[in-house]
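Please look through the sequence and the model shown here, and then read the notes that follow.

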Amino acid sequence: METNIRFIPFESPSDRGWTEAWELYENAFPYKERRSLADHLRALADPRFEADGIWTGDALAGIIYHWDCGSSSRYVEHLAISPALRGQHMGSKALAAFCERVGRVILEIDPPVDEISIRRLRFYRRLGFVENPHEYLHPSFREPFVTHKLVLMSYPRPLDDGEARRFADFVRETVLSYSGHKEPRLPRL
(Lines give C-alpha, C1' and ligand atoms only; values in the text may rest on other atoms or scores of the structure.)
Protein backbone atom coordinates (compact mmCIF):
# COMPACT_ATOMS: atom_id res chain seq x y z
CA MET A 1 0.00 0.00 0.00
CA GLU A 2 1.13 3.52 -0.80
CA THR A 3 2.40 5.40 2.28
CA ASN A 4 2.13 8.94 0.94
CA ILE A 5 -0.10 10.33 3.70
CA ARG A 6 -2.61 13.11 3.14
CA PHE A 7 -4.90 14.75 5.68
CA ILE A 8 -8.23 15.74 4.16
CA PRO A 9 -10.82 17.46 6.38
CA PHE A 10 -14.34 16.14 6.58
CA GLU A 11 -16.85 18.96 6.35
CA SER A 12 -20.13 17.05 6.18
CA PRO A 13 -21.61 13.55 6.07
CA SER A 14 -21.76 13.84 2.26
CA ASP A 15 -17.94 13.84 2.00
CA ARG A 16 -16.20 10.84 0.49
CA GLY A 17 -15.14 8.45 3.25
CA TRP A 18 -17.41 9.97 5.91
CA THR A 19 -19.39 6.79 6.60
CA GLU A 20 -16.24 4.68 6.94
CA ALA A 21 -14.59 7.34 9.13
CA TRP A 22 -17.63 7.63 11.42
CA GLU A 23 -17.81 3.84 11.77
CA LEU A 24 -14.11 3.77 12.68
CA TYR A 25 -14.66 6.51 15.28
CA GLU A 26 -17.59 4.67 16.84
CA ASN A 27 -15.72 1.35 16.96
CA ALA A 28 -12.35 2.70 18.11
CA PHE A 29 -13.50 4.71 21.15
CA PRO A 30 -15.75 3.87 24.09
CA TYR A 31 -19.16 5.53 24.21
CA LYS A 32 -18.11 7.90 27.01
CA GLU A 33 -15.09 9.15 25.01
CA ARG A 34 -16.90 10.17 21.83
CA ARG A 35 -19.49 12.77 21.02
CA SER A 36 -22.84 12.16 19.41
CA LEU A 37 -23.25 12.77 15.69
CA ALA A 38 -25.25 15.95 16.41
CA ASP A 39 -22.49 17.30 18.70
CA HIS A 40 -19.84 16.31 16.17
CA LEU A 41 -21.64 18.21 13.41
CA ARG A 42 -21.89 21.27 15.66
CA ALA A 43 -18.14 21.03 16.38
CA LEU A 44 -17.40 20.91 12.65
CA ALA A 45 -18.86 24.42 12.39
CA ASP A 46 -16.24 25.69 14.85
CA PRO A 47 -13.17 26.88 12.88
CA ARG A 48 -10.89 25.62 15.68
CA PHE A 49 -11.96 21.99 15.10
CA GLU A 50 -10.85 19.80 12.23
CA ALA A 51 -11.91 16.21 11.58
CA ASP A 52 -9.34 14.88 9.12
CA GLY A 53 -9.39 11.65 7.22
CA ILE A 54 -5.92 10.11 6.95
CA TRP A 55 -5.58 8.98 3.35
CA THR A 56 -3.03 6.90 1.48
CA GLY A 57 -3.76 7.03 -2.20
CA ASP A 58 -7.53 6.60 -2.56
CA ALA A 59 -7.90 4.63 0.68
CA LEU A 60 -9.03 5.98 4.03
CA ALA A 61 -6.33 4.80 6.43
CA GLY A 62 -7.68 6.45 9.59
CA ILE A 63 -8.93 9.57 11.32
CA ILE A 64 -7.35 12.36 13.32
CA TYR A 65 -9.73 14.81 14.98
CA HIS A 66 -7.94 17.85 16.37
CA TRP A 67 -8.35 21.39 17.71
CA ASP A 68 -6.41 24.61 17.42
CA CYS A 69 -6.07 25.27 21.15
CA GLY A 70 -4.03 28.47 20.87
CA SER A 71 -0.36 29.17 21.51
CA SER A 72 0.47 27.45 18.21
CA SER A 73 -0.67 24.11 19.64
CA ARG A 74 -2.95 21.39 18.29
CA TYR A 75 -4.94 19.13 20.59
CA VAL A 76 -5.35 15.66 19.10
CA GLU A 77 -8.67 14.56 20.50
CA HIS A 78 -9.06 11.30 18.55
CA LEU A 79 -6.65 9.26 16.44
CA ALA A 80 -7.57 5.88 15.00
CA ILE A 81 -6.22 3.71 12.21
CA SER A 82 -8.38 1.34 10.15
CA PRO A 83 -8.19 -2.17 11.60
CA ALA A 84 -6.87 -3.61 8.32
CA LEU A 85 -3.80 -1.35 8.55
CA ARG A 86 -2.94 -1.77 12.23
CA GLY A 87 0.45 -3.31 12.87
CA GLN A 88 1.87 -1.77 9.67
CA HIS A 89 3.21 1.41 11.35
CA MET A 90 0.49 3.52 9.73
CA GLY A 91 -0.32 5.21 13.07
CA SER A 92 3.34 6.14 13.58
CA LYS A 93 3.69 7.45 10.04
CA ALA A 94 0.47 9.44 10.22
CA LEU A 95 1.17 10.99 13.62
CA ALA A 96 4.79 11.81 12.70
CA ALA A 97 3.57 13.52 9.51
CA PHE A 98 0.91 15.40 11.49
CA CYS A 99 3.44 16.58 14.10
CA GLU A 100 5.83 17.69 11.37
CA ARG A 101 3.00 19.65 9.75
CA VAL A 102 1.62 21.38 12.86
CA GLY A 103 4.51 21.49 15.37
CA ARG A 104 3.28 21.59 18.97
CA VAL A 105 0.82 18.78 19.83
CA ILE A 106 -1.05 17.90 23.02
CA LEU A 107 -3.02 14.72 23.63
CA GLU A 108 -4.36 12.58 26.46
CA ILE A 109 -3.91 8.88 27.17
CA ASP A 110 -5.14 6.48 29.80
CA PRO A 111 -2.71 5.98 32.70
CA PRO A 112 -0.24 3.17 31.89
CA VAL A 113 -1.63 0.42 34.11
CA ASP A 114 -2.12 -2.56 31.79
CA GLU A 115 -0.48 -4.01 28.69
CA ILE A 116 -2.51 -1.95 26.20
CA SER A 117 -2.07 1.38 27.99
CA ILE A 118 1.66 0.73 28.49
CA ARG A 119 2.04 -0.05 24.77
CA ARG A 120 0.18 3.16 23.94
CA LEU A 121 2.54 5.18 26.19
CA ARG A 122 5.57 3.62 24.47
CA PHE A 123 4.07 4.36 21.04
CA TYR A 124 3.82 8.08 21.84
CA ARG A 125 7.25 8.19 23.49
CA ARG A 126 8.86 6.71 20.36
CA LEU A 127 7.37 9.58 18.38
CA GLY A 128 8.89 12.19 20.70
CA PHE A 129 5.95 12.82 23.05
CA VAL A 130 6.63 13.36 26.75
CA GLU A 131 4.38 12.83 29.77
CA ASN A 132 3.41 15.82 31.84
CA PRO A 133 3.19 15.59 35.65
CA HIS A 134 -0.07 17.50 36.00
CA GLU A 135 -2.99 15.78 37.75
CA TYR A 136 -5.60 15.72 34.98
CA LEU A 137 -9.19 14.56 35.30
CA HIS A 138 -11.46 14.55 32.26
CA PRO A 139 -15.24 14.07 32.24
CA SER A 140 -16.93 11.81 29.72
CA PHE A 141 -18.59 13.38 26.68
CA ARG A 142 -21.99 11.83 27.41
CA GLU A 143 -24.26 10.96 30.28
CA PRO A 144 -23.82 9.37 32.66
CA PHE A 145 -20.91 11.75 33.17
CA VAL A 146 -17.98 9.86 34.61
CA THR A 147 -14.65 11.45 35.46
CA HIS A 148 -11.54 9.54 34.42
CA LYS A 149 -7.89 10.24 35.07
CA LEU A 150 -5.76 10.81 31.98
CA VAL A 151 -2.09 11.51 31.33
CA LEU A 152 -1.31 14.67 29.37
CA MET A 153 1.33 14.13 26.71
CA SER A 154 2.92 16.80 24.56
CA TYR A 155 5.25 17.07 21.61
CA PRO A 156 8.05 18.02 21.35
CA ARG A 157 8.48 19.24 24.94
CA PRO A 158 6.63 19.22 28.26
CA LEU A 159 3.93 21.73 29.11
CA ASP A 160 4.75 24.30 31.75
CA ASP A 161 2.13 24.94 34.46
CA GLY A 162 0.58 27.88 32.60
CA GLU A 163 0.32 25.93 29.33
CA ALA A 164 -1.28 22.98 31.11
CA ARG A 165 -3.77 25.25 32.85
CA ARG A 166 -4.69 27.04 29.59
CA PHE A 167 -5.12 23.65 27.88
CA ALA A 168 -7.45 22.37 30.63
CA ASP A 169 -9.44 25.61 30.38
CA PHE A 170 -9.70 25.21 26.60
CA VAL A 171 -10.98 21.64 26.90
CA ARG A 172 -13.50 22.60 29.59
CA GLU A 173 -14.73 25.84 27.96
CA THR A 174 -14.53 24.95 24.25
CA VAL A 175 -14.19 21.25 23.50
CA LEU A 176 -16.81 20.14 26.02
CA SER A 177 -19.29 22.72 24.73
CA TYR A 178 -19.73 20.18 21.90
CA SER A 179 -20.78 17.37 24.21
CA GLY A 180 -23.68 16.52 26.47
CA HIS A 181 -22.40 18.89 29.18
CA LYS A 182 -24.27 22.06 30.10
CA GLU A 183 -21.61 23.57 32.38
CA PRO A 184 -18.59 21.29 32.73
CA ARG A 185 -16.46 21.81 35.82
CA LEU A 186 -13.53 19.66 34.65
CA PRO A 187 -10.82 19.50 33.55
CA ARG A 188 -9.32 22.16 35.78
CA LEU A 189 -5.70 22.56 36.91
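## Cysteines

The sulfur of Cys99 lies 13 Å from the closest cysteine sulfur, that of Cys69, which is too far for a bond, since a disulfide is a pair of cysteine sulfur atoms within 2.5 Å. By this rule the count of disulfides is zero. Cys99 is buried, with a relative accessible area of 4%, and Cys69, at 16% relative accessibility, also counts as buried; here buried means under 20% relative accessible area, exposed means over 50%, and partly exposed lies in between, with a 1.4 Å probe and protein chains only.

This is a predicted model, in which local features need pLDDT of at least 70 and side-chain atom pairs count only at pLDDT 80 or more, while totals for chains, interfaces and linings use all residues. Residues are numbered from 1 along each chain as its sequence is written, and side-chain values use heavy atoms, with hydrogens and water left out.

## Helix H3

Helix H3 covers residues 90–102, and helices (H or I, at least four residues) and strands (E, at least two) are DSSP runs, numbered from the N terminus.

Which residues of H3 are buried? They are Met90, Gly91, Ala94, Leu95, Phe98 and Cys99. These residues cover an arc of only 155° around the axis, so they sit on the same side of H3, the arc being that of the directions from the helix axis to the C-beta atoms. Just after H3, Gly103 takes a positive phi of about 90°.

## Nonpolar cores

A nonpolar core is a set of buried Ala, Val, Leu, Ile, Met, Phe, Trp, Tyr and Cys residues joined through side-chain atoms within 4.5 Å. The largest has 33 residues, of which Ile63, Trp67 and Phe167 touch the most other members. Among the elements that each supply at least two residues of this core are helix H1 (18–28), strand S3 (59–68) and helix H5 (161–173). A second, separate core of 23 residues includes Leu79, Ala94, Val105 and Leu121.

## Ser117

Ser117 has its place in helix H4 (residues 115–126) and is buried, with a relative accessible area of 4%. Its side chain is joined to that of Asp114 by a polar contact of 2.7 Å. Leaving out residues up to four places away in sequence, Ser117 touches Asp110, Pro111 and Pro112, where contact means heavy atoms within 4.5 Å. A polar contact is a pair of N or O atoms within 3.5 Å; within protein, one must be able to donate a hydrogen and the other to accept it, and residues adjacent in sequence count only if both atoms are side-chain atoms.

Definitions and conventions: Expected span 1.5 Å × (residues − 1).
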